[in-house]
Amino acid sequence: MGKVNPLTFTFHIKQDDLYPPIRIKIYNVCDSVYVDLTGYVGTFYMAPISDKSTPKVNAGTVSITDAENGEAEYIWQIGDTDTPGQYYYEFRFTKDSKTFTVPVISPGIIYIETKIGV
């Protein structure tokens, strides 16, 4: 529960919910190992699919939960999930002024679903 689907990079959450966090585990397919995030600082971005230039979450703080095994998460803040819809997201990791972004190939998508009776 709460992890990004590794095949489609999709995540579902209900409107106004702040749990579970969005979690990722970064695997380098080139050399078949998890990406070591030791020393990296992570940020999270989320913007409506209709307008990527206006982020709903802009450089949110990412917690690296298991650096050696490439695990990190973004803990939702009040207001992040208040608007139902489809959003693109990405995690960015920076170390020594060098940045890499996940997902690399296809955009990640978050579905914020309307609650029943809202």
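This is a predicted model: local features need pLDDT of at least 70, side-chain atom pairs count only at pLDDT 80 or more; totals for chains, interfaces and linings use all residues.
Residues are numbered from 1 along each chain as its sequence is written, and side-chain values use heavy atoms, with hydrogens and water left out.

On confidence, the protein chain has a mean pLDDT (the predictor's confidence in each residue, from 0 to 100) of 90, and 92% of its residues reach 70 or more. The lowest mean, 82, belongs to β3, and the highest, 98, to strand β6, residues 57-66; strands here are DSSP runs of E with at least two residues, numbered from the N terminus.

Turning to T81, this residue sits in the loop between β7 (71-74) and β8 (85-95), and it is buried, with a relative accessible area of 1%, where buried means under 20% and exposed over 50%, with a 1.4 Å probe and protein chains only. A polar atom of the T81 side chain lies 2.7 Å from the backbone oxygen of D17.

As for the backbone, the peptide bond between Y19 and P20 is cis, with omega about 5 degrees, and P20 falls in the loop between β1 (10-14) and β2 (22-25). A cis bond also runs from V102 to P103, with omega near 0 degrees.

D96 is exposed at 65% relative accessibility, and S97 is exposed at 77%.

Methods
Helices (H or I, at least four residues) and strands (E, at least two) are DSSP runs, numbered from the N terminus. A polar contact is a pair of N or O atoms within 3.5 Å; within protein, one must be able to donate a hydrogen and the other to accept it, and residues adjacent in sequence count only if both atoms are side-chain atoms.
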